[in-house]
Amino acid sequence: MKAALFVPCYVDAFFPEVGIATLELLERLGVDVAYPLDQTCCGQPMGNSGCRDDAKATEALFVKNFGGFDYVVSPSGSCTHHVREHLTSIPQTKAVKQVRERTYELVEFVHDVLNVREFPWAEFPHTVGLHNGCASLRALRTAKMSEIAEPAFSKPLDLLSKVRGIRFAKPARPDECCGFGGTFSVFEEPVSAKMGYDKVSDHHKAGAEYIVSADMSCLMHQKGCAERLGLPIKFIHIAQILNGTRE
Amino acid sequence: MKRIDHSEASSKFIKATDHLDFHDKRLWDLRQKRDRESGALPEWEALRSLASAIKEHTLTHLSQYLEEFERNAVKNGATVHWATDAAEHNQVVYDILRSRGARTLVKAKSMLTDECEMRPFLTNRGIEVMETDLGERIQQLDDEPPSHIVVPAVHKLRGDVARVFADTLGTDRKNSDVHYLAESQRRHTRPYFLKADAGMTGANFAVAETGSVVVCTNEGNADLSVHLPNLYIACIGIEKIIPRIEHLGVFVRMLSRSALGSPITQLTSHFRAPRKGTQMHIVLVDNGRAERLGMADFWYSLKCIRCGACMNTCPVYRRSGGLSYGATYSGPIGVIIDPTFNLRKYSALPFASTLNGSCTHVCPVKINIHEQIYKWREVIAARHQLPFVKQEAMRVAGKVLSSPKLYRAAVETTGAGIEHLPRFMMYNKLNAWGRQREVPTAPPYTFRQWYLKNRADRGKK
């Protein structure tokens with residue numbers, strides 16, 4: 001099995017440790033991982049802004065970089081969702097369709113494709129609040145959403161609960177959006193910041209020392225909010241915990 | 001026409017923290033009640049699919065069912081009028097009232113008449129219009145449009161209502177007891193039911209098979225408005241048609257559960273025929289609906305039964321208030337309907353969303369709201385209605401992100417750049433991110449740089 005690692009642009013630039021944890025975790029799990037060096041972005045910023053024309057070249061580059069692998073794996077629910085559902089600004093050739101179908105978010109790749117449930121090297125003796133990004137939750141369906149009455153399930157929780165020493169905080173509104181929303185965070189700054197404040201305060205009140213998520217973009221926004229509010233809460237990507245980061 | 005600036009309006013709403021907290025909690029409470037009620041019906045998801053399918057069938061056979069409705073309504077003794085747009089609707093209503101010498105109209109809540117701006121039209125022509133729904137009446141007295149399609153004054157605290165009633169009804173300014181306020185309004189409104197020359201309602205459903213108008217309410221005001229005056233006018237958007245009475249069972253089970261988290265409204269009234277010696281008029285209104293029906297990506301929005309569940313769940317709506325949308329329809333459903341009325345004026349609204357998708361999954365008729373929001377963004381960009389700043393930002397982003405070389409130049413230097421900037425340069429009015437949030441500190445290397453160093457052997461691929 002040959003998998004390509006897609007490290008989203010903001011992870012590459014601001015959170016290399018998340019890319020490293022993802023790579024190391026996949027390697028530990030026996031995956032042959034390649035990192036195409038010319039990768040940039042999936043096209044989501046332009047796509048979500050309605051700018052199909054501006055997204056074309058970036059989406060074409062994505063397909064060029066990631067064509068030919070059995071899987072494309074990314075530590076980001078929203079980028080994965082963009083590739084799967086919205087990478088549509090370029091003609092849908094066989095190569096494009098293949099890349100779109102083969103792209104997985106890290107949690108679903110580990111949970112569904114590798115079917116791994118044991119992380120003997122991982123220990124995280126802290127209380128964490130799990131934040132499921134909206135794309136992971138409602139588009140990729142990695143966990144039960146509160147809107148739909150259905151049996152409870154949570155792929156990220158299935159994985160995290162196998163980590164030694166970990167405890168979970170129970171926020172009051174676990175799957176309300178945190179207000180990042182890409183360019184929304186800038187063009188609708190007042191609501192975005194308020195949503196972020198409410199989100200981190202909810203986790204803080206529930207006793208979370210860390211907020212953990214499969215979506216670093218949500219965490220980047222939440223971290224900025226928590227720091228401004230002066231809340232003693234830390235942020236960590238799920239890949240880091242599963243890969244054995246202790247703090 | 002000026003573009004509605006939702007972001008600016010929301011910042012004012014957020015500054016009134018007491019109001020904001022109440023608004024958010026009240027609507028979230030409705031959402032939770034909705035979860036409990038819908039969760040208590042094992043067939044809820046099946047009902048959603050059924051409701052959606054009934055609407056789909058009806059909308060794709062709309063002309064047929066509209067004509068069937070008209071035939072049956074006429075058979076029942078009602079008079080049916082057709083209005084192409086808001087102006088025609090208002091004129092038809094006015095002509096009916098004038099021909100009967102009516103001067104006072106009591107009306108139940110109707111989003112359609114708000115959409116048509118009927119009240120000022122009639123008031124300017126000497127008709128006294130009394131809103132009889134409590135929330136709508138509060139909004140009328142305060143000269144504000146409703147901020148929510150089900151709970152029109154939900155953005156107001158009782159202190160605000162005390163102020164409005166003191167100014168307009170002469171109540172005790174210092175008394176904000178809700179029973180006192182409700183009773184004061186009741187005493188003020190009741191005499192109007194007796195003296196009114198005409199009554200008006202909207203419709204939740206219009207049943208083709210029976211020609212009847214179905215109105216779901218909790219206050220009883222619609223029934224008083226219909227039964228006391230000798231003239232009844234029902235204003236109905238053409239998408240409100242359902243084929244048969246048996247379909248009503250599906251929608252009535254979902255409407256109030258979705259809207260307020262209650263199993264059913266206090267009253268579900270079927271208005272079918274005029275009482276002896278009275279008249280019943282039905283105005284069927286298009287006002288852009290037929291055109292919307294022809295839009296491949298957006299016709300689904302016509303399935304809406306106006307329950308407001310998408311608004312209650314929307315984290316943006318709860319924190320910005322309905323009035324910040326500057327339109328009759330606000331929240332997620334408003335965001336996908338408003339641009340059909342005026343693309344430029346409402347071009348910022350589809351961006352007042354994080355695309356989180358909660359709205360789509362609470363919608364009882366399964367409108368793919370967040371996907372339509374995404375589609376509207378494409379329409380708005382394609383028709384050059386994006387603000388210049390965003391357009392330019394995306395053009396540059398598209399250039400940089402499609403070139404590995406430019407991209408690397410950007411990310412591999414920003415770190416060093418940001419690190420050395422003084423704080424006042426990063427946190428100012430031009431940097432919207434930094435107004436209320438800290439900017440992430442850039443690490444000394446990107447992932448790619450780490451990879452080249454630590455996986456040098458694999459760096460070839």
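Chain B comes with a mean pLDDT of 94, and 95% of its residues reach 70 or more; pLDDT is the predictor's confidence in each residue, on a scale from 0 to 100. The model as a whole scores ipTM 0.97 and pTM 0.96. This is a predicted model, so to speak of local features we need pLDDT of at least 70, side-chain atom pairs count only at pLDDT 80 or more, and totals for chains, interfaces and linings use all residues. Residues are numbered from 1 along each chain as its sequence is written, while chains are lettered from A and ligands numbered from 1 in the order in which they are written.

Let's start with chain A. It has 13 helices and eight strands, taken as DSSP runs numbered from the N terminus (helices are H or I with at least four residues, strands are E with at least two). Its C-alpha trace spans about 50 × 45 × 35 Å along the principal axes. A compact globule of 247 residues would have a radius of gyration near 18 Å, and the 17 Å of chain A agrees with that; the radius is taken over C-alpha atoms, and the globule rule is 2.2 Å times the number of residues to the power 0.38. Of those 247 residues, 60% count as buried, where buried means 20 or more other C-beta atoms within 10 Å of a residue's own, exposed means 12 or fewer, and partly exposed is in between, with C-beta atoms placed from the backbone. Among chain A contacts between residues at least 6 apart in sequence, 78% join residues at least 24 apart; a contact here is two C-beta atoms, placed from the backbone, within 7 Å.

Chain A splits into domain 1 (2-113) and domain 2 (127-242), with bounds from an automatic or database domain assignment. The centres of these two domains of chain A, taken over C-alpha atoms, are 22 Å apart. Across the boundary, 26 residues of domain 1 of chain A are in contact with 22 residues of domain 2 of chain A. On the domain 1 side, the elements giving two or more residues include helix 2 (16-28) and helix 5 (77-86) of chain A. That side divides into twelve nonpolar, ten polar and four charged residues. For the classes, Ala, Val, Leu, Ile, Met, Phe, Trp, Tyr, Cys and Pro count as nonpolar, Asp, Glu, Lys and Arg as charged, and the others, Gly among them, as polar.

Chain B is assigned domain 1 (1-40 + 297-386), domain 2 (43-287) and domain 3 (390-458). The centres of domain 2 and domain 3 of chain B, over C-alpha atoms, are 54 Å apart.

How do the chains meet? The contact takes 56 residues from chain B and 60 residues from chain A. On the chain B side, helix 19 (residues 388-401) gives the largest share, six residues. That side holds 27 nonpolar, 17 polar and twelve charged residues.

R141(A) is not a glycine, yet its phi is near 55 degrees, a positive value. N287(B), also no glycine, has a positive phi of about 45 degrees. N287(B) is buried, with 20 other C-beta atoms within 10 Å.
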